[in-house]
Amino acid sequence: MAEIIFWSLSVIAVIFAFMVILSKSPVRSAISLIGVLLAFAGLYLILDSEFIAGIQILIYIGGITVLYMFVISMMRFKKINIETQFTKQWLVAIVSALAFLAEVVYFALKGKEFFKVGNHSKLVTANGLGTIENVGKVLYGKYVLPFEIATVLLLAAIIGTVLLAKREKEKM
Amino acid sequence: MEFLLVVVVKIVIILAFISLGVAYLTYLERKVIGHMQVRLGPMRVGWHGLLQPIADGLKLVIKEDIIPTQSDKLMFILAPVICFLHAFLVYTFIPFDGPKGFWGYGGYISDVNVGLLFIVAIASVGVVGIILGGWASNSKYPLLGSLRSVAQLVSYEVAMGLAIMGPILLAGSLSMVDIVKAQEKMGVWFFVPQIVAFIIYFICGVAETNRAPFDLPEAESELVGGYHTEYSGFRFALYFLAEYANMITVSAIAATVFLGGWLMPFPSILGPYLSFIPGFVWFALKVFFFLFVYLWIRATFPRYRFDQLMAIGWKILLPLAIANLLVTSFIILYLKM
Amino acid sequence: MDEVKNINKTNFAEEFVDATEELVLNMGPQHPSTHGVLRVILKLHHEKVVDLDCDIGYLHRGVEKISETLSYKLAAPYMDRLDYISAVSNNLAYIETIEKLAGVEVPKKAQYIRVILTELARISSHLLWLATHALDIGAMTVFLYCFREREEILNIFEMVTGARLTTNAFRIGGLPQDVPEGFEKAVKDFCEILPGRISEYEALLTKNRIWLARTKNVGVISPEDAIAIGLTGPSLRGSGVKWDLRKAHPYESYNEFEFDIPTGENGDTYDRYLVRLEEMRQARRIILQAIDGIPEGDFTAKVPKVLKPPKGEVYHSIEAPKGELGFYVISDGSTKPYRVKIKGPSFYNLQALKKMCLGHYVADVVAIIGTLDIVLGEIDR
Amino acid sequence: MAEEKNKNDSLEKGKAPRKPPKKEEVNLYEEIKDFDTFTKVKEKFADIVLDGKRIREQHIFYIKNENILDFFKYLRDEEKYDMLADLTAIDYPDREKRFAILYNIYSFKKLERLLVRMDIADGEEVETVSEIWPSANWPEREVYDMFGIKFKNHPDLRRILLPEDWKTHPLRKDFDVKNRDQDWMERHLGIREDVNSGEVK
């Protein structure tokens, strides 16, 4: 049962991911992105990580994607002209994509040697990797320093944005 | 297998009940506001206009379905569906009655240990439907309406989330059922110790559902109809139903988190006499109370302006919610020590 | 203004609109809060108004041209259709102008009844203003409360004239007939209930935080600017100019009644609201004085059936509910006026819209249109 | 017509009301006496101010279309006529100077109204007074719309009540239903009207 759900969710996620890249309208891309994120939330759920799934929906869909759409609807594109590109960026893109694919395949085959999953299995089986207690303990225990650094970074980003926006306003 | 059957039956019952409730909420609104405004409200269809919502629904279904030629058709069709879907999905996690309610089958569809989080998360996805509708219409009033709406919902979600953190701390759980049980155990409903959070929550809830005095996204005197200006027929009805379903959701959460859900008031005094009343009746009464307050507010207050609304959200409600959260956690910490 | 002109031609959908810069929004002529068929073209930066242009004329019926082809008496009913919310005032202004031109003396009794009816019309107009203004700002209950009282006034009009909206209440020289029995009682009954009802509206609005937030410091206009732009009526008095034609140039018998002229201080929407509310109370005061003092006598003067005023020209204006309503009539000695010019207060008041709106939000535009109390029938004529 | 018939009826029945005094003989226009502003203005702007009359307690000045801005500025600043209550035009097709423009100004200080009348010929341009009284903006547009009189230096001289692409000027005396803008009606309303029979096609 869990396997069927896993595979169908994965397929949905991949299809939506392709739609994100391929659709011509930015809003459709954003909607497809929501599909990807929802599929991921489903994947978290079968890992017994309800909290992470909820946060995924709340932050990524309810927050970030909505902000994307906010910005997109502010800029009303008529249509994005699909023109032949002369910068040859697609070459670089294909090369890097192939490299990434090779990497993924390699780790999928040989990954177990690098990441010893067995060590973490206790957490998964006990009461879920992503329950609130576990996330809280890990976040405020082992990783408190990186967490605090990340928050400071975000704060700095917020202040920076406000400052930039304000300066622009003064110019007007 | 029996488990699956029970769940399906519950889904059908609750869906039917909520759909009917939403339809009759429109009737209630027209009647209540009508009487507040010294008029009668609907009187023609059925006894005292009781069949009015059904007539309205029929009318909306058979109306011409207009899709603006310059719109993004797929998105235009999808937007109200997203809105509607998420408004109704939320009811999965709302306990209408206790675990022993519904004749022993449990008065809810599912009790997830992060139920409240899921409700908030799913409700936040509904915004996508609104902004999508405004954008896909390719018209200026809907666009302005949807931009307003998103800004408003995102800002009030923050204060709302922080406000319900207080009761969560008191209950020690995100499960809706556990929160009610914690209130039963504590012997006092959470709106007493968390009165600040309660008020913040309800104000934010009114704003979240785009209702007066925060009905700016659809302020008919400024933006004609806001994000659903271009919608007609059943697509409009979906938006409409979603809005009213959201009203019931907000009321239901308030009833569960702050007013003890399916619990009876003053069980020590009233318990012996009123124990025959099932829990979902109490729950429905509490929800009704909040819905009535909604309508009362609508009949009384003028509408805020957009910048004032944002100022209230960010400058008053948010700091207040944070302060409430801090105080609550310090008190809990102190009591535990 | 070039952009404004162009919006007729460009198709919004094909145009690349960067909403982060400026957005041209077309408000009306079909819009819930433009009070008729006013079209306002707004240029917005986010939600702030950067530029604004009024497009009027959707209700232009050519009343001035029509009245050149009709006799003096026959043109009168057309004037009711200008400011259809206070038809009585329009009628009075026109009739008085003709009376002034032809030199007709109106008997005292007719004057008193005219005063009562016009003051009732003032209350009715202000009630409708309050109703729609409050509805624009979102207070929908006040709307229905005001209509309840307006209904009473319309009943009185129906009793006296037989019509409710476009009453054609007066004739040159006086009244078409004496007031019916029960008129005094109906008016007194209405005056009895009015103060309580006004305090009911005030309970809902005057100290309401949201109402204050929406109306205070919105659409501020200084007295100098107000005079320069030609504001009259309550909109001018809201800025603190104590000027009322009923006191400055008394017509009918207004010099025999005691009443105050309420004025505002800040010239904002809230002050204009208070001024109009107080005006309703003052109008009631005038009505009560007049109804007690109706003198005996004729209800009309003797006027020849075919009225041929002497050659000449006359401008006469009265204090209509919305401001100075004036008629400029030229007679060439024949049975028809040579030229009739209507100076409607709304036409001039609406000019102030641009000045009052710039820098405010879209929502304020709605409030300011409401506070100017315009009627498109009078603007477009 | 109807009235004339009525009159005849009442004459026949012998119940004719006493004949109204011959109105034609009544002259409403009186000479101005003791009006301070008039004497001052007459002195200061002798070449502009042609005449002054008094009709039913109302003063009217007659001026020439020359240098009117100075004249009005003087009225506003020195004589405190601070509001332009109305501005309109009158069409006299038979006269040599076809149009008359009427300024209706008011003083809040003196509580006094003043009408200023100025005759102009067809095609003659008038200096705008919207610099002096901003309220003149729309009325001047209306006069342009209705009479086709152009105002020099007007900030925004467009049609105001009629559509922008309308051609005729309806308040001129020679305008009637027959010569309204048929092309416009056809273009915008899809109506083609036969001018003589009144048939709509």
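In which loop does Glu57(D) lie? Glu57(D) sits in the loop between strand S2 (49-55) and S3 of chain D; helices (H or I, at least four residues) and strands (E, at least two) are DSSP runs, numbered from the N terminus. This is a predicted model, in which local features need pLDDT of at least 70 and side-chain atom pairs count only at pLDDT 80 or more, while totals for chains, interfaces and linings use all residues. Residues are numbered from 1 along each chain as its sequence is written, chains are lettered from A and ligands numbered from 1 in the order in which they are written, and side-chain values use heavy atoms, without hydrogens and water.

**Which chains touch**

- Of the four pairs of chains in contact, chains C and D share the most contacts, where contact means heavy atoms within 4.5 Å.
- Chain A and chain D do not touch, and their nearest C-alpha atoms are 26 Å apart.
- Chain B and chain D also have no contact, with their closest C-alpha atoms 23 Å apart.

**Chain D with chain C**

- Chain D and chain C each bring 52 residues to their contact.
- About 4,500 Å² is buried between chain D and chain C, and carbon and sulfur atoms give 59% of this; buried area is the accessible area (1.4 Å probe) that two parts lose on being put together, summed over both.
- Six salt bridges are found across the interface of chain D and chain C, a salt bridge being a side-chain nitrogen of Lys or Arg within 4 Å of a carboxyl oxygen of Asp or Glu.
- Arg117(D) forms a salt bridge with Glu313(C), and the closest N and O atoms are 2.7 Å apart.
- The interface of chain D and chain C also has 22 residue pairs in polar contact (both at pLDDT 80 or more). A polar contact is a pair of N or O atoms within 3.5 Å; within protein, one must be able to donate a hydrogen and the other to accept it, and residues adjacent in sequence count only if both atoms are side-chain atoms.
- Elements that give two or more residues to the side of chain D that touches chain C include helix H1 (2-12), strand S4 (83-91) and helix H4 (137-147) of chain D.
- S4(D) gives the largest share of that side, nine residues.
- By class, the side of chain D that touches chain C has 32 nonpolar, five polar and 15 charged residues. Ala, Val, Leu, Ile, Met, Phe, Trp, Tyr, Cys and Pro count as nonpolar, Asp, Glu, Lys and Arg as charged, and the others, Gly among them, as polar.

**Chain A with chain B**

- This contact takes 23 residues from chain A and 28 residues from chain B.
- Chain A and chain B bury about 2,200 Å² between them, with 80% of it on carbon and sulfur atoms.
- The interface of chain A and chain B has zero salt bridges and zero residue pairs in polar contact (both at pLDDT 80 or more).
- Helix H2 (26-46) and helix H3 (50-74) of chain A each supply at least two residues of the side of chain A that touches chain B.
- H3(A) gives the most to that side, with 15 residues.
- The side of chain A that touches chain B has 16 nonpolar, four polar and three charged residues.

**Backbone angles in loops**

- Glu57(D) has phi near 65 degrees, a positive value in a residue other than glycine.
- Val38(B), with phi near 45 degrees, is likewise a residue other than glycine with a positive value.
- Val38(B) is in the loop between helix H1 (2-36) and helix H2 (52-62) of chain B.
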